[in-house]
Amino acid sequence: MNTKLKYSAVVIAASLSMSPMATHAASVTITNAGFESSFTGWEDTDPSAISSDEYEGSKAAKITGSGGKFEQEISVESNTNYTLTAYIQGTGEIGAIVDGDTSSTVGSNDDYEQVTVSFNSGSASSVTIFGAYGGDEGRFDSFTLESTGTEEPEIEEPIVEEPEEPVIVECSTLTDLEISSASDDGSNDGHGPENTIDEDTSDDSRWSSNGSGKAITYNLGAVASVQALAVKWFKGDSRSSYFDIDTSTNNSDWTSVLVSGQSDGGSSSYESIDVNDSNAQYVRITGYGNSSNTWNSIIETNILGCVEVETETPVEPEPETPVEPEPETPITSTDFDWTGWKVTLPVNGDTWYNDGNTSSAAEIQPAGCTGDIFDDNLSLDYFWSDSEGLHFKVPMNLDGKTPNTSYIRSELRELNDWSPCNSTSEANWSYGGNHTLEATVRIDDYDPDGTKVVVGQIHGHDISYATIKLHWEGDSKPIRVIYNSSPNSSSANNVYLGYIDSSDFWSYTIKMTDTGIELSAGGVTETITFGDELSNDWKDADFYFKAGLYPQQKPDADSAEVYEATFSKAVITH
C-alpha cells in the first residue's frame, strides 16, 4: 500500500529555567500491568471485572461500584521518589500505600486519559499500588511505575556578586531547533532525518520510521521546565502510531515520558502528554511504526518558553509619583447585555422552583420569563453582580446537572435572536461571517489539586458535546482549548495558549470566522481551521456561546470544595 504522508509536528510547551539538580528515572516491574492476563498478579475486590474496552492491548480492568478495587505489592528502594501512571476512562482512583499512608489521585474523562500520582517510599522496602472506585464506573489500563531518584546534593559554588545589570524574563516561540542526533534502525528507507524541518512533505524529504527504532533527538538549547508535549502526525486510514518519548539534561541519562505509547492523532490534530519534567534539555522520539503500515512522520518542532536574559540598560527607578494603571472597566447595567443571556444554576429545577424537575439544572431568563429575572438586580447565592462585574459560584455538594454531562455549573448561555419567553434552545446562530466572544475573568476559588475549569465555550445546538471548551487548569499550566474535530463523533483534541496568573483578571477571545476558530489567551493566539483540524460538517451546525464557571469535577454531596470566578467583561459581537 503506497500511502502519501502529510504534514505532522511535535509541539513542546515549556518554561526554561536553569536547574542545579539531576534525577535519574528507572522503570519498576509491575506484574500484568495491562491486565492482558486478567487479574494475574493483582488482588481484586468486587465489583471488579475485565473489560475489552482497552487503552492498548486487548483488555482493561473495570470497577463499577464503591467497594471495587485491585491492588499489587511492589518491591521498591527506600527513601526514593516514585511516579505511578495509568490510563483511566470514565472515573477512577489510582494510588500507592506506603507504611499505611495513602497517596492517590482521581481521573475523570469520557476518553482514556493519562493520570499520575507521586510519592516517596520513606523507609519502606515495598509499597501497595492500587486502582479503585473514584465516584463512578471506570476502566484502567497500562500501569507504569517509575523511580525518579533522590535529589543529589548541590555542589557548593563560590559566592558570586549579583550582576549589576538587572534581569528580565522574555517569552517567545523558538523554531528550527537543533537536531542533536538521528539514528536509523538499518531499514535504509531513504527518508533521512536531516530533512526533518524543511517543510517539504515529499517522499524524499520527510523523516519517517519504517520498521522500529529510528530515533531523532532535539536540543532545546537550555535546561527547561517542560510542562506538556503535544504530538501531531499523519493518521491516514484510521491507523494508530507507536513511539517512545524520552527527555534528558545531558543527552545520555534519559527519563521515559511515554514508553511504547499509542497515539490516535489525526493529520491535523494534537494529542497532549503531561510531562512536568523540570530537568530537560533534550527530547528524543523513537518511532515503532503503526497499525496499518510502518510509516511514522515527524516534521517540525517548536518550543514555547521563558528565558532569563540581561537587559542592556539598568531599570530606571520609579518616579516619585507613580502613575496608577487604569483598572479593568467593570461590567455595569449600562454595558452588559442582560437581554442577551440566561444563567444556569448548579441546583436542579425542583430545588429552585419546586417544579418537580429533578433531572435538569434550574435556569433564570431575562424579561420576566422565569420566577426570577436575569437583570442587574439579581442577587443569588450562585450568581450576582456588583461594581467588579459578574460573580459565579459553584459549591461541589449540589446536584444541578444539565443533560449529557455529570458536572454542575454557574454559567451564562447566549440568547441570540431570542423571542422573549419562547424556547431558549432556538436562540442560536449559523456558520458564516464573524462571531466573537471577548471576556475578562478572574479565578477566585478552586480545587488546589488541579481540576480543570471551563470559562468559555462554543457549543453546537442539538449536539451533545461542545465545539470548543477553553480551560483554565492552574497557574503552572497553559490555557488549554479542547475541541471536537467533527459534530458526528466525540474526539477530544488540544490547542495550548499562554500562561496566566489566577490572582488577577486575564482575558480571552474566541472567534469563529468563515475559515476557522481563532483562540487567544495569555499572549498566545492559535487558529484551528475548517477542512483541517475541524471537519467541514461543522458548517451545517447552529451555535451559541457560553461563559462562566463550569468545573470539570463530579459533584459529591459530602464535598466541601467551592469554585468562584468573577467576569469583568463578557461581550459578544456577530
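**Labels and their cut-offs**

Mentor: Let's start with Thr344, which is buried at a relative accessible area of 8%. It's a predicted model, where local features need pLDDT of at least 70 and side-chain atom pairs count only at pLDDT 80 or more, while totals for chains, interfaces and linings use all residues. Residues are numbered from 1 along each chain as its sequence is written, and side-chain values use heavy atoms, with hydrogens and water left out.

Trainee: What makes Thr344 buried?
Mentor: Buried means under 20% relative accessible area, exposed is over 50%, and partly exposed is in between (1.4 Å probe, protein chains only). Thr344 has 8%, so it counts as buried. Thr344 lies in strand E17; strands (E, at least two residues) and helices (H or I, at least four) are DSSP runs numbered from the N terminus.

Trainee: Which residues does Thr344 touch, leaving out those up to four places away in sequence?
Mentor: Ala361, Ala362, Glu363, Thr402, Arg409, Ser410 and Glu411. Contact here means heavy atoms within 4.5 Å.

Trainee: Why is the pair of Trp338 and Phe383 called edge-to-face?
Mentor: Rings of Phe, Tyr and Trp (its six-membered ring) pair if their centres lie within 6.5 Å; planes under 30 degrees apart are stacked, over 60 edge-to-face, and the rest tilted. Here the centres are 6.5 Å apart and the planes stand at 80°, so the pair of Trp338 and Phe383 is edge-to-face. Trp338 is in the loop between strand E16 and strand E17, and Phe383 is in strand E19, 45 residues apart. Both Trp338 and Phe383 are buried.

Trainee: What about Tyr431 and Phe530, which angle and distance do they have?
Mentor: Their planes are 85° apart and their centres 5.4 Å, which is edge-to-face again. Tyr431 and Phe530 are 99 residues apart in the chain.

Trainee: Is Tyr431 buried or partly exposed?
Mentor: Tyr431 has 25% relative accessibility, so it is partly exposed. Phe530 has 11%, so it lands in the buried class.

Trainee: Which residues make up the aromatic cluster with Trp338?
Mentor: Phe336, Trp338, Trp341, Phe374, Phe383, Phe392 and Phe567. Phe374 is also one of the residues touching the most other members in the largest nonpolar core, which has 60 residues. Such a core is a set of buried Ala, Val, Leu, Ile, Met, Phe, Trp, Tyr and Cys residues joined through side-chain atoms within 4.5 Å.

Trainee: How do you know that Cys369 and Cys421 form a disulfide?
Mentor: A disulfide is a pair of cysteine sulfur atoms within 2.5 Å, and those of Cys369 and Cys421 are 2.1 Å apart. Cys369 is in the loop between strand E18 and E19 and Cys421 in the loop between strand E21 and E22, so the pair ties together parts 52 residues apart in sequence.

Trainee: What makes Cys421 partly exposed?
Mentor: Cys421 has 48% relative accessibility, so it is partly exposed. Cys369, at 23%, is partly exposed too.

Trainee: Where does pLDDT stay under 50?
Mentor: Residues 1-24 are one such stretch, and residues 166-175 are another. pLDDT is the predictor's confidence in each residue, from 0 to 100. Where it is low, the predicted coordinates should not be read in detail.
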